[in-house]
Every structure is written in structure tokens, then in C-alpha cells.
Amino acid sequence: MELGTLLERCRQGDELAWEAFVRQYQRRIYSLATCYATDADAARDLAQDVFVRLYRTRKQWRDAATFVPWMIRVARNVCLDQVRARKARPPVSDVPADELVDLAATTGSPDDDYTASSRRRLFYRALRKLTDLSREIILLKEIQGLQIEEIAGMLHIPLGTVKSRSSRARLELARNVLALQALQRGCRVGGPAEEEREAGARKGTAP
Amino acid sequence: MNRADCTFVDTWLDDWLAGRLPDEVAWRVEEHVRECERCRRLAAIVRDAEATHLSEASGHADLLPAVLDRTTGSPCARAEELLPALVDDELDADSREILRTHVSHCEGCSRLLAVLEESRSVLPALAELQTPASLTERVLEATSRGPQRSAFARAGLPSVASALACRWWRSVLARPRASLELAYIGTVLIVVLLGNPVAAFRGAGEQAGRLAGAVPVARLTEQLPLKEAAMGTMARLFGGLTAAANVIATEISERWRQARALISEIETTIGDAIKWLATFDLRQAIRGAEQAVQPRGQPARESQQRK
């Protein structure tokens, strides 16, 4: 079904259309929420809040052409509200989010999947080490695929700044990835048990 | 012969030193060089010059860092700045070639470029993550499947009033001590509507004692064996307690019935008030009030004319 039709039916209060909409966009909203949340439970609650906000404002939904950037803007606002509230009350959980979020890839052979998930996890960790602005720019531009003009409007910064910050953020991310890689290699050299565990995981057996 | 041979050696000396001559020519050159002092010295000079040249050529790679240190400094910072543009294919051909040359000789920039290129495929894959199984159900429960109309709306309040009431109610619930306050109000309401719950037990003890003592125990023990007498006493005691419980239950059910009646009366009154508000016509009310103020049998227009 075309997005425009789906949106129109949701606006009219069609429950089935709304369910289809949630199923279509939940992975995307959840992914966005994980970048602002402290753990997987918080990300799920955040994603739920985003959908509730979208549902309440369904009469104001944009047309299909500009809907997705608008939806991401709404989601970001909900997440930022939550972040502000969280700053007043520090999070309870200390578990790193990337250990709770499912980053597994299921597209190729087990070996390929293992490699792909490891790389994703590495990038995800590196992403969470970035500064707030750099992380948001990577999230909106590279991950969610928004245009530079849309990001500039959303973050209230000039177009040129978005471009320069984007390049800088990508370099920062790449450096973080290399640093984490070096750290992992160091751990691996130091601990043969780690290698055995990884080999076991690759074969799908317990170490 | 000797002179002619020196010319011959001058011609083929370079090739002889490089080992490129056929054996018989090389043998003639070698024999002459062994015998001729002048050609021997010439061969030594050429050999040394080549050795010096080779060492200079091999030292060329080490020269670059020293030159860069004394001129522009390391180009890595500039190269790193341009790497994202290289990945995005935004550089012109010359800049691309120059940067590629640097990257091919610089391990650090090469690794950074590899990660940047990899990020182009890995980052978009993070746009959609596997959600927890319960997310869809929770969202639907909180939105379309959940209660659509608030209790205020169901009670017949207009939409604006219902929204305001909902907002007020949410603000009340958001208060940090809301649960304590609600518990207090609830307790007061129960006491007001049902009366003091302790009052129901007030006569229970006496009644139980009266029932249990209806048959004197002493007479029972005289007539029956001790065990049977004890069992009989226990049975009577239980009977008394049961009767007392029945009295309490009856009392509570009576109070509850009264409370229900009171609640239903309040509901009816509120419903009537809402209906009255819904049909309330302000203009008609004003007209009625004006008529009530005017003297009987005298139209409003006349009174205005007199004025």
C-alpha cells in the first residue's frame, strides 16, 4: 500500500491501518529511540511514547512526501523530552545498551552473520561514544538518511555547519571504531578464553 | 693494440660492469682491465660512482619525512579532512589522485579510509533494529485498542469540558503525593458513606456470649461425659460466632445497600444536571428573568416608554 493511502486511512481512524503503520515503522522508531535511551527497556518505552504522540496528533499528519522527516522530528522531540527528564533523575540501569539491543544480522551464512553483527556492535559502541551533536548528525544523516536541509531545520543550525559537522562526526566515529578495535585486539591477545568464547559463538556452540 | 683496446673498454665499460656483455666480449674487456692501469682506475671510479648513486637512491624514501618536517608538516591532518569527501566521491580528479597517493603510503590514513568506506554500509543497517516482541501490542493497547473516550466524556460532558477535566485529572495524578491524598479522601468517603466500620462489631461480643451461654455449661457437664461436654461447648461457641458473623454481614450489606442507593441518587442528580446544562438556553433564561422582574400584566414596551 502506498504511504499516502495508509496515512489517510490512519487519519480517518482506521484501526487496522494504524496497526499496519505501527508494524511498518516500529523498527525505525525503535532504532532512533535506542540512540537516546539508556537501555533496551527505556528504548521500548520511548518508542511507545513516540507512537502515542503520533497517534494523538494524527489529524496534523503531513502528506506522504514530507511525512517521514516530520515523523523523525516528532520522535526526536519526544526523545529529547525524555532525556531532559532523565537528566533530573539519573538512569537506574548501568548495562550498556548495545548489549541489550538486538543488533544481529540474519542475511547470510552463520559466519557472515557473525561478522556483520560484530561490526554493527562495534559501530554502535563507537556511535555512543560521540558527543551529542555528532551523534545526532550521524543518526539523522547517515542512519536515518535525512537530507542536509531537513537536518539543518531540525537542529536549528546553518547548512554549512551541518556539512562540516557531518564530516567531522564521521571521522570521529571512524577513529572511535579503530580505537575500540585496538582495544578488542589487546583484550584478545591478553585473554585466550575470549578467543575460545568467540570461536564457540561462531560455531554456535557453548565454549 | 693497447690504445685501441682502451677505446674498446671505454665503449663497453658500463655494460661490462652491469654484466650485460656476451662472454667473449666481457672476457676481452676483463683481460684488458687487468693489464691496463688507466682502464683499471677508470673501472674503479665508475663502480664507486654507481655505488654512491644507488645508496642515494635508496635513501630517498627516508628523505620525505625530514623534508615535510622542515616545510609543511605532516599531511595526514589535511588528508583526514578530505577522506569523507573522497568516500562520498565529491573530489575532483586531481585531488582524488593526490589523496589516493598519500593514502597508499600512509597506514593510519589507509585504515581510517577503510572504516569510513565500511561505515557507508554499516550505518544504514542500524536504521531499523529488531524490536522487542511486545512493542506492537503495547503501542496498540496504548492507542487504538485502548479506551478512546474518557470517563468524563462518557458521563456526557462536552468535548472541551471533558478534555479540560482529563487534563486536570492527569495533573492531579502526576502529583508526587497523589496516591497518599487519594487514599485519605477514599477513607473519608468510606467512613461518611458506610459509617464507622468498627461500629458493626460493637454488639457482636455480647451477642456471641449470650448465644453461647444460652445453655449452662455446668448442667451439661453434670449430665454428659467430659469429652462430649467439651465438644458440645465448642459447637455452641462456633454456633455463636457464626451467628455473630451473620449479624455483622447483615449490617455491612445494609450499609452497602444504603451507600449504593446514595451513589445512584448522586448519579441521577448529576445526570439531570448535565441534561439541564445540555438543554440550557441562555437567551430564554434572560427573557424569563426579564418577565419575572416586570410587573404582572404590564408589557415591557410600555414600561420602557414611561421611562
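**Close-up views of a predicted two-chain model**

**View 1. Helix α11 of chain B and the glycine after it.** Directly after α11(B) comes B:Gly195, a residue with a positive phi near 85 degrees. (Helices are DSSP runs of H or I with at least four residues, strands are runs of E with at least two, and both are numbered from the N terminus.) The model is a predicted one, in which local features need pLDDT of at least 70, side-chain atom pairs count only at pLDDT 80 or more, and totals for chains, interfaces and linings use all residues. Residues are numbered from 1 along each chain as its sequence is written, while chains are lettered from A and ligands numbered from 1 in the order in which they are written. Helix α11 of chain B covers residues 178-194. Its 17 residues should span 24 Å at 1.5 Å a residue, and because its end C-alpha atoms are 24 Å apart, the two values agree. (The expected span is 1.5 Å times one less than the number of residues.) The number of buried residues in α11(B) is zero, so this helix lies largely in the open. (A residue is buried if 20 or more other C-beta atoms, placed from the backbone, lie within 10 Å of its own, exposed if 12 or fewer, and partly exposed in between.)

**View 2. Helix α3 of chain A.** This helix runs over residues 40-56 of chain A and has 17 residues. From its first C-alpha to its last, α3(A) reaches 24 Å, close to the 24 Å expected at 1.5 Å a residue.

**View 3. Helices α7 and α8 of chain A.** Helix α7 (residues 132-143) and helix α8 (residues 148-155) of chain A pack at an angle of about 140 degrees, and their axes are 10 Å apart. (Axes are lines fitted to C-alpha atoms, for helices over the stretch in contact, and angles run from 0 to 180 degrees between N-to-C directions.) On the side of α7(A), the contact is made by A:Glu136, A:Ile137, A:Leu140 and A:Lys141; α8(A) contributes A:Ile151, A:Met154 and A:Leu155. (Two residues are in contact if their C-beta atoms, placed from the backbone, lie within 7 Å.) Five of these contact residues are nonpolar, two are charged and none is polar. (Ala, Val, Leu, Ile, Met, Phe, Trp, Tyr, Cys and Pro count as nonpolar, Asp, Glu, Lys and Arg as charged, and the others, Gly among them, as polar.) α7(A) is mostly covered, with nine of its 12 residues buried. Among them are A:Ser134, A:Ile138, A:Leu139, A:Glu142 and A:Ile143. Just after α7(A), A:Gly145 has a positive phi of about 75 degrees.

**View 4. Two residues other than glycine with a positive phi.** Most residues other than glycine have a negative phi. A:His156 has a positive phi near 60 degrees, and its place is in the loop between α8 and α9 (159-190) of chain A. With 6 other C-beta atoms within 10 Å, A:His156 is exposed. In chain B, B:Asp89 also has a positive phi, of about 60 degrees, although it is not a glycine. B:Asp89 lies in the loop between α5 and α6 (93-105) of chain B, and it is exposed, with 7 other C-beta atoms within 10 Å.

**View 5. The contact between chain A and chain B.** Chain B provides 27 residues to this contact and chain A provides 37. At least two residues of the side of chain B that touches chain A come from each of α5 (76-87), α7 (107-125) and α8 (135-142) of chain B. The most come from α7(B), which gives nine residues. By type, the residues on this side of chain B are 17 nonpolar, six polar and four charged.

**View 6. The two chains and their confidence.** Chain A has 10 helices and zero strands, whereas chain B has 16 helices and zero strands. Of the 207 residues in chain A, 32% are buried; of the 307 residues in chain B, 7% are buried. The mean pLDDT of chain B is 76, and 73% of its residues reach 70 or more. (pLDDT is the predictor's confidence in each residue, from 0 to 100.) Within chain B, confidence is highest in α7(B), at 92, and lowest in helix α16 (residues 300-306), at a mean of 49. Where pLDDT is low, the predicted coordinates should not be read in detail. The model scores ipTM 0.75 and pTM 0.52.
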